[in-house]
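Here is a short tour of a sheet and its charged side chains. Have the sequence and the 3D view open as you read.

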Amino acid sequence: MAAVEPPPPPTPTPEPNTNPPPSTTTTTPLYTRVRLATPSDVPFIHKLIHQMAVFEKLTHLFSATEDGLSSTLFLSPPFKSFTVFLLEVSTTTPLPLHHPPTHSLFPPIHKTLLLTRPLDPDPDQPRFLCPESGPGVVVAGFVLFFPNYSSFLAKPGFYIEDVFVRECYRRRGLGSILMKAVANQAVKLGYGRVEWCVLDWNVNAIKFYEMIGADVMQEWRICRLTGDALLDYGQPNY
């Protein structure tokens with residue numbers, strides 16, 4: 001009688017795959033550069049300020065002109081008086097490492113963002129193209145600041161007058177790049193603080209400022225003399 005073959009050994013149970021599935025998220029690079037503005041950038045600065053006035057619903061207070069900006073913004077060396085950083089972006093190629101007109105005063109800051117969703121269309125792109133910085137380079141925002149002084153700290157600081165990112169580039173971390181550039185310069189110079197104001201209805205901005213560690217000081221109010229009130233009170237009739 002033929003011998004019966006033994007049954008085959010049991011098939012081992014495969015080990016479960018504990019590795020996460022490969023990511024299917026695609027990213028698109030956005031190349032950014034923060035550089036010092038120069039007098040030739042005044043047309044960009046003027047358009048940015050106007051867009052900011054529209055966003056803040058304050059166009060009734062807007063009277064700045066390009067000539068007015070040119071004659072007041074660039075009278076002193078950067079960081080000694082009024083200073084403007086421009087934020088440039090490109091979706092195609094990295095921006096130049098250097099900005100020859102200002103490199104000795106402030107080496108540009110470069111950062112590449114990886115976007116997981118496409119940018120919104122930029123209807124104003126032709127008005128903000130900056131061919132001097134490279135093909136397809138667009139000005140996306142700015143920050144204007146100047147020195148102030150804290151008597152309590154006995155140290156100078158910076159006051160941010162304006163920080164603004166154009167609408168189609170918001171919610172990408174670009175505002176943080178601008179704010180951080182100012183804070184970094186304050187630290188380099190040994191300054192004691194950086195201050196700015198925020199509109200009370202701008203909840204998103206307030207949340208962002210609190211997130212980066214800023215103290216939103218509810219107990220303080222802005223006092224301002226301007227226009228006729230300044231002219232009247234500024235008369236030498238002591």
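## A charged pair to start with

Which side chain meets that of R35 in a salt bridge with 2.9 Å from N to O? The partner is D41. A salt bridge here is a side-chain nitrogen of Lys or Arg within 4 Å of a carboxyl oxygen of Asp or Glu. R35 and D41 are both buried, where buried means under 20% relative accessible area, exposed means over 50%, and partly exposed covers what lies in between (1.4 Å probe, protein chains only).

## What you are looking at

This is a predicted model, in which local features need pLDDT of at least 70 and side-chain atom pairs count only at pLDDT 80 or more, while totals for chains, interfaces and linings use all residues. Residues are numbered from 1 along each chain as its sequence is written, and side-chain values use heavy atoms, with hydrogens and water left out.

## The sheet

Six strands make up an open sheet of mixed pairing, running β3-β1-β2-β4-β5-β6. Helices (H or I, at least four residues) and strands (E, at least two) are DSSP runs numbered from the N terminus, and two strands pair if DSSP finds at least two bridges between them. β3 (109-115) and β6 (194-196) sit at the edges with a single partner strand each, so one side of each has no neighbour in the sheet. On average, neighbouring strands are turned by 30° against each other, direction ignored; axes are lines fitted to C-alpha atoms, for helices over the stretch in contact, and angles run from 0 to 180 degrees between N-to-C directions.

Look next at β1 (residues 28-36) and β2 (residues 83-90), which pair in the antiparallel sense over six bridges. Here V34 stands opposite L87 in β2. Helix α4 (residues 174-188) packs on the sheet and touches β1, β2, β3, β4 (138-150), β5 (155-165) and β6, with contact meaning heavy atoms within 4.5 Å. The direction of α4 makes about 165° with that of β5.

R33, R35, D41 and E88 are linked in a network of salt bridges.

The count comes to six salt bridges. One of them joins E195 to R193, with closest N and O atoms 3.6 Å apart. E195 is partly exposed at 26% relative accessible area, and R193 is partly exposed as well, at 34%.
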